[in-house]
Amino acid sequence: MNDKCSHLDQIKDVKPKTPNGCEECLKINDSWFHLRLCLICGHVGCCDQSKNKHATKHFHQTNHPIIKSFEKDEDWKYCYIDDLVIE
């Protein structure tokens with residue numbers, strides 16, 4: 001694990017594509033546990049504790065490295081490539 005994220009320059013000022021839930025879960029009428037926001041394109045996906053793990057699937061499909069928690073009382077980011085929590 002790196003101690004510094006090398007992808008912070010890719011973060012954009014994004015607007016959540018689906019502000020009320022996981023984009024893919026909403027399409028298939030499924031549930032989720034927690035939400036994650038892609039800071040590159042605004043995709044909202046469910047976390048790895050959710051059965052569908054759409055946030056991680058989005059990373060594997062797009063290689064967009066940085067997400068942030070999309071939960072009200074959480075303020076952290078995570079870089080998939082560097083395997084690093086950014087607070």
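Is E23 buried or exposed in this predicted model? E23 is buried, with a relative accessible area of 17%, a value that falls under the 20% limit used for buried residues.

View 1. In contrast to the buried E23, K27 is exposed, with a relative accessible area of 66%.

**View 2. K51 and D30 form a salt bridge, with their closest N and O atoms 3.2 Å apart.** The pair links distant parts of the chain, since K51 belongs to the loop between strand 2 and helix 2 while D30 belongs to the loop between helix 1 and strand 1, 21 residues apart. K51 is exposed at 62% relative accessible area, whereas D30 is partly exposed at 23%.

**View 3. The open sheet has 5 strands in the order 2-1-3-4-5, with antiparallel pairing.** Strand 2 and strand 5 (84-86) stand at the edges with a single partner strand each, so one side of each has no neighbour in the sheet. Strand 1 and strand 2 are joined by 3 bridges, and L37 stands opposite V44 in strand 2.

**View 4. Helix 2 lies across strand 1 and strand 2, running at about 120 degrees to strand 2.** The buried residues of helix 2 (residues 54-62), namely H54, A55, T56, H58 and F59, pack against helix 1 (23-28), strand 1 (35-38) and strand 2 (44-46). Just after helix 2, N63 adopts a positive phi of about 65 degrees.

Note on methods:
Residues are numbered from 1 along each chain as its sequence is written. This is a predicted model: local features need pLDDT of at least 70, side-chain atom pairs count only at pLDDT 80 or more; totals for chains, interfaces and linings use all residues. Side-chain values use heavy atoms; hydrogens and water are left out. Buried means under 20% relative accessible area, exposed over 50%, partly exposed in between (1.4 Å probe, protein chains only). Helices (H or I, at least four residues) and strands (E, at least two) are DSSP runs, numbered from the N terminus. Contact means heavy atoms within 4.5 Å. Two strands pair if DSSP finds at least two bridges between them. Axes are lines fitted to C-alpha atoms, for helices over the stretch in contact, and angles run from 0 to 180 degrees between N-to-C directions. A salt bridge is a side-chain nitrogen of Lys or Arg within 4 Å of a carboxyl oxygen of Asp or Glu.
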